[in-house]
Amino acid sequence: MALDQSFVGRTYPPTAPYEVGREKIREFAEAVGETNPVYTDPEAAKQLGYSDVIAPPTFVFAITFPAAGQIVEDPQLGLDYSRVVHGDQKFAYTRPVRAGDRLTVTSTIEGIKSLAGNDILDIRGEVHDEAGEHVVTAWTKLVARAAGEA
């Protein structure tokens with residue numbers, strides 16, 4: 001069943017603040033094979049003008065994807081998550097994510113379309129710091145495969 005087009009433009013409430021920890025950044029950098037010391041060594045980060053370590057660019061997915069759960073779990077939308085695959089991801093940064101940041105995410109349905117029986121859902125996550133300053137926008141594309149596909 002096709003998703004309801006009237007949901008396009010719907011914005012969900014901001015998430016509770018997520019505190020970015022230095023250790024979480026280090027663990028993420030190691031998990032993705034990132035060896036740049038700016039992600040793990042506070043002194044290396046300070047030499048480049050940062051107050052602490054910064055996160056690799058894709059780190060923010062760890063908070064924007066769970067935030068999109070508000071949309072995925074909205075019973076009125078009717079998305080069958082058992083059929084969903086991650087279709088695409090992109091980010092536009094105002095500044096890097098830093099250890100110590102307290103970030104919130106506000107998710108908006110940016111687009112819904114059907115293609116060959118598949119529902120394609122585009123979600124925009126706006127990430128702001130504790131002062132309300134924009135940090136990054138993340139776009140996530142989810143594809144709910146047609147019911148006949150294995």
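Is Val105 buried or exposed? Let's start there, everyone. Val105 is buried, because its relative accessible area comes to 1%, and buried here means under 20% relative accessible area, with exposed over 50% and partly exposed in between (1.4 Å probe, protein chains only).

Before I go on, a word on what we are looking at. This is a predicted model, in which local features need pLDDT of at least 70, side-chain atom pairs count only at pLDDT 80 or more, and totals for chains, interfaces and linings use all residues. Residues are numbered from 1 along each chain as its sequence is written, and side-chain values use heavy atoms, with hydrogens and water left out.

Now the overall picture. The protein has 4 helices and 5 strands; these are DSSP runs numbered from the N terminus, helices being H or I with at least four residues and strands E with at least two. Reading from the N terminus, the order is β-α-α-α-α-β-β-β-β. The C-alpha trace spans about 55 × 35 × 20 Å along its principal axes. Of the 150 residues, 39% count as buried. As for contacts, meaning heavy atoms within 4.5 Å, take those between residues at least 6 apart in sequence: 68% of them join residues at least 24 apart.

Back to Val105, which you will find in strand E3. Setting aside residues up to four places away in sequence, Val105 touches Pro13, Pro14, Thr15, Ile63, Thr64, Ala67, Gly125, Glu126 and Val127. With Glu126 the sequence separation is 21 residues, while the C-alpha atoms are 5.4 Å apart in space.

Let's move on to the cores. A nonpolar core is a set of buried Ala, Val, Leu, Ile, Met, Phe, Trp, Tyr and Cys residues joined through side-chain atoms within 4.5 Å. The largest one has 20 residues, and those with the most contacts inside it are Ile25, Val97, Leu103 and Val127. Helix H1 (22-31), helix H3 (61-67), strand E3 (102-115) and E5 each supply at least two residues of this core. There is also a second, separate core of 15 residues, with Phe7, Ala68, Leu77 and Ile123 among them. If you click on Leu103, look for its partners beyond four places in sequence: they include Val20, Ile63, Val97, Val127 and Val135.

Next, the cavity. How many cavities of 30 Å³ or more does a search of the whole structure find? The search finds 1. A cavity, on a 1 Å grid over the protein atoms alone, is a set of points where a 1.4 Å probe fits but cannot get out, and lining residues have an atom within 4 Å of a point. Strands E4 (118-128) and E5 (134-144) each supply at least two of the lining residues, and E4 gives the most, with 3. By type, the lining divides into 3 nonpolar, 4 polar and 1 charged. In that count, Ala, Val, Leu, Ile, Met, Phe, Trp, Tyr, Cys and Pro are nonpolar, Asp, Glu, Lys and Arg are charged, and the others, Gly among them, are polar.

Gln89 counts as buried because its relative accessibility is 18%. Its side chain makes a polar contact with the side chain of Thr140 at 3.0 Å and another with the side chain of His86 at 3.1 Å. A polar contact is a pair of N or O atoms within 3.5 Å; within protein, one must be able to donate a hydrogen and the other to accept it, and residues adjacent in sequence count only if both atoms are side-chain atoms. Beyond four places in sequence, Gln89 is in contact with Phe61, Ala138, Trp139 and Thr140.

Arg10 sits in the segment before strand E1 (18-19), and its 31% relative accessibility is why Arg10 counts as partly exposed. The Arg10 side chain makes a polar contact with the side chain of Gln76 (3.5 Å). Arg10 and Val20 are 10 residues apart in sequence, yet 27 Å apart in space, C-alpha to C-alpha.

Finally, Ala116, in the loop between E3 and E4. Ala116 has a positive phi of about 55 degrees although it is not a glycine, and it counts as exposed because its relative accessibility is 71%. Thanks, everyone!

Terms used:
On a 1 Å grid over the protein atoms alone, a cavity is a set of points where a 1.4 Å probe fits but cannot get out, and a pocket is an open set with protein on both sides within 12 Å along at least five of seven lines; lining residues have an atom within 4 Å of a point. Grid points are joined across faces, edges and corners, and a volume is the space filled by probe spheres set on the points.
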